[in-house]
Amino acid sequence: KTVIKSDVISQIAKKTGFEKRDVKEVIEMYFDVVKDSLVSGDNVYFRGFGSFILKKRARKIGRNITKNTSIVVPEHYIPFFKPSKSFANRVKDNVKV
């Protein structure tokens, strides 16, 4: 099963008793803070959950297969989620493949 943002909003609203629109606004602000922090170069840490960090990708030579040419992909940063050890272990122990 896939859980989407509206499912999360509904579950939080049900558990807290807050209106869905209020929960949605808080969730959107949360995502904005995380995105703005990463864009400005800061990592975001949540103890017991994980970290949103920036990973550096080295410069490399890529291929444009439609034109059969080489292109240089400059070094750059990408956002990455690293789960905490306790969270990763809980998932590993409980999720059956």
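**Notebook: two serines, a helix pair and a few loops**

I started with serine 84, which sits in the loop between β5 (76-83) and α3 (85-94). Helices (H or I, at least four residues) and strands (E, at least two) are DSSP runs, numbered from the N terminus. I am working on a predicted model, where local features need pLDDT of at least 70, side-chain atom pairs count only at pLDDT 80 or more, and totals for chains, interfaces and linings use all residues. Residues are numbered from 1 along each chain as its sequence is written, and side-chain values use heavy atoms, with hydrogens and water left out.

Is serine 84 buried or exposed? I found serine 84 buried, at a relative accessible area of 16% (buried means under 20%, exposed over 50%, partly exposed in between, with a 1.4 Å probe and protein chains only). Next I looked up its partners: neighbours within four places in sequence aside, serine 84 is in contact with Gly48, Phe49 and Gly50 (contact means heavy atoms within 4.5 Å). A polar atom of the serine 84 side chain lies 3.3 Å from the backbone oxygen of glycine 48.

Then I turned to serine 51, which lies in strand β2 (residues 50-57). Serine 51 is buried, with a relative accessible area of 14%. Leaving aside neighbours within four places in sequence, I listed Val44, Tyr45, Phe80, Phe81 and Lys82 as the contacts of serine 51.

On to the helices. The axes of α1 (residues 5-16) and α2 (residues 20-39) come within 9 Å and cross at roughly 125 degrees. That makes α1 oblique to α2 (under 35 degrees is roughly parallel, over 145 roughly antiparallel, 65 to 115 roughly perpendicular, and the rest oblique). Which residues make the contact? I noted Lys5, Ile9, Ser10, Ile12 and Ala13 on α1, and Lys20, Val23, Lys24, Ile27, Glu28 and Phe31 on α2.

Isoleucine 4 counts as partly exposed at 49% relative accessibility. From its C-alpha atom to that of glycine 17, 13 residues apart along the chain, I read a separation of 20 Å.

My last stop was asparagine 68, in the loop between β3 (60-64) and β4 (69-73). Asparagine 68 counts as exposed, at 57% relative accessibility. I also jotted down its phi, near 55 degrees, which is a positive value in a residue other than glycine.

Definitions and conventions: Axes are lines fitted to C-alpha atoms, for helices over the stretch in contact, and angles run from 0 to 180 degrees between N-to-C directions. A polar contact is a pair of N or O atoms within 3.5 Å; within protein, one must be able to donate a hydrogen and the other to accept it, and residues adjacent in sequence count only if both atoms are side-chain atoms.
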